[in-house]
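Here are a few notes to read alongside the model.

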Amino acid sequence: MVKAVVGANWGDEGKGKITDMLGEKADIIVRFQGGANAGHTIINNYGKFALHTLPSGVFYDHTTSIIGNGVALDIPVLFREIQSIIERGVPMPKILVSDRAQIVMSYHKAFDAYEEERLGGKSFGSTKSGIAPFYSDKYAKIGFQVSELFDDELLREKAARVVEQKNVLLEHLYHKPVMDPDDIYRELKEYKTMIEPYVCDVSAYLHQALKEGREILLEGQLGSLKDPDHGIYPMVTSSSTLAAYGAIGAGIPPYEIKQIITVCKAYSSAVGAGAFVSEIFGEEADELRRRGGDGGEFGATTGRPRRMGWFDCVASKYGCRMQGTTDVAFTVLDVLGYLDEIPVCVGYEIDGEVTTEFPTTHLLEKAKPVLEKLPGWKCDIRGIRNYQDLPENCRKYIEFVEEHIGYPITMISNGPGRKDIIYR
Ligand code: GDP
């Protein structure tokens with residue numbers, strides 16, 4: 001049985017916590033897309049961790065953690081992350097890396113930074129982790145697949161071929177130092193040494209696991225609105241954030257994904273540029289940012305302040321639909337306990353007309369939020385374990401959101417810890 005944990009919005013919805021929690025019953029946890037550009041924050045009995053590449057299952061000794069072929073594999077980051085959790089007393093996790101995953105190279109990060117610099121005020125707000133240049137090369141068929149690390153002749157030939165092309169851009173577009181193919185070859189050899197112990201035919205491994213009836217969890221990064229096809233293009237990420245892509249990025253049949261748990265945060269936050277209809281500013285935003293998440297809404301990778309907004313029913317309904325949601329996990333609800341009234345975005349006004357359908361980007365940029373205000377519950381709901389024990393206004397907020405997005409909220413997260421969950 002395969003379950004996917006994915007995001008409905010712009011990311012940072014609390015997927016790490018939900019995956020960590022569901023990981024208790026899972027045998028295998030797979031990352032299937034994205035790279036080290038976003039992070040999950042997880043709090044458990046070992047402490048607080050910000051993971052960028054490792055799946056959230058690494059803290060359990062009964063799970064196997066897998067980096068699927070769809071991931072942008074940053075080998076030094078993976079290596080450092082493994083070291084850092086072991087140093088803090090976590091037992092060495094069982095990790096497998098797909099032999100078909102491709103490698104983020106040092107020049108991908110350099111190109112990411114150069115391009116943001118070139119674009120200046122029109123930049124994408126990239127985390128400069130090399131993700132866009134990495135996926136560009138993958139689809140231009142000049143990326144390095146893990147399996148290729150084991151073919152010396154191929155590496156030398158390909159390093160020379162790639163450098164020839166990259167150097168034209170370095171010299172004439174970015175006016176930066178050119179690369180030497182020998183350095184790239186050496187970089188690849190170092191990566192081979194680091195990754196060799198983990199390399200595996202992941203798709204075959206998962207095929208066998210499915211035959212044996214094991215439980216597999218697919219862990220998504222970012223959310224629906226950052227999907228390159230269905231998100232707020234071009235302010236999107238470079239690999240699909242949708243559960244459907246889990247089949248491809250892990251190498252399993254699509255019909256095996258039986259449960260799609262879409263994580264929705266009780267308010268909105270976003271990083272990077274792009275339209276954000278329910279965004280708030282000033283003191284109102286600062287307060288929500290300060291109180292948000294666990295210790296404030298600041299990027300797990302970059303530390304930069306996140307953009308804040310009210311819950312957006314239009315974006316979340318669409319985000320849930322694109323994921324193929326079977327269950328919604330509604331998170332970080334405890335944070336809203338300080339508000340007298342809680343505004344919720346229930347529609348978009350575009351050119352004088354109100355819609356509840358999420359539009360394409362050029363219309364989205366014109367959208368103004370239609371807000372409805374719900375009464376707050378003005379108390380701390382952390383520690384509550386039964387739905388009926390939540391304050392009435394809190395339940396009304398949940399039920400209001402559920403009705404507007406049209407998908408069942410079956411889990412409510414009221415704190416960052418594993419046990420802070422209410423099943424409905
Ligand atoms: P992800 O990328 O979707 O995993 O999201 P993040 O790592 O950005 O998680 C959001 C933050 O919220 C993290 O600091 C979590 O520890 C925290 N968090 C998750 N669920 C809850 C919750 O229900 N309540 C509170 N207060 N914090 C939460």
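1. A pocket here is an open set of points on a 1 Å grid over the protein atoms alone, where a 1.4 Å probe fits and protein lies on both sides within 12 Å along at least five of seven lines. Its volume is the space filled by probe spheres set on the points. In this predicted model, the largest pocket holds about 910 Å³ of space.

2. Lining residues have an atom within 4 Å of a point. The largest pocket has 46 of them, and Asp112, Ser126, Ala132, Val236 and Ser238 lie nearest its centre. Helix H3 (106–119) gives the largest share of this lining, 6 residues. Helices are DSSP runs (H or I) of at least four residues, and strands (E) of at least two.

3. By type, the lining of the largest pocket divides into 21 nonpolar, 15 polar and 10 charged residues. Ala, Val, Leu, Ile, Met, Phe, Trp, Tyr, Cys and Pro count as nonpolar, Asp, Glu, Lys and Arg as charged, and the others, Gly among them, as polar.

4. Do look at the open sheet too: its 3 strands run in the order S12-S14-S13, with antiparallel pairing (strands pair if DSSP finds at least two bridges between them). S13 and strand S14 (residues 307–309) pair over 2 bridges, and Ile280 stands opposite Met308 in S14.

5. On the source: residues are numbered from 1 along each chain as its sequence is written, and side-chain values use heavy atoms, leaving out hydrogens and water. Local features need pLDDT of at least 70 and side-chain atom pairs count only at pLDDT 80 or more, while totals for chains, interfaces and linings use all residues.
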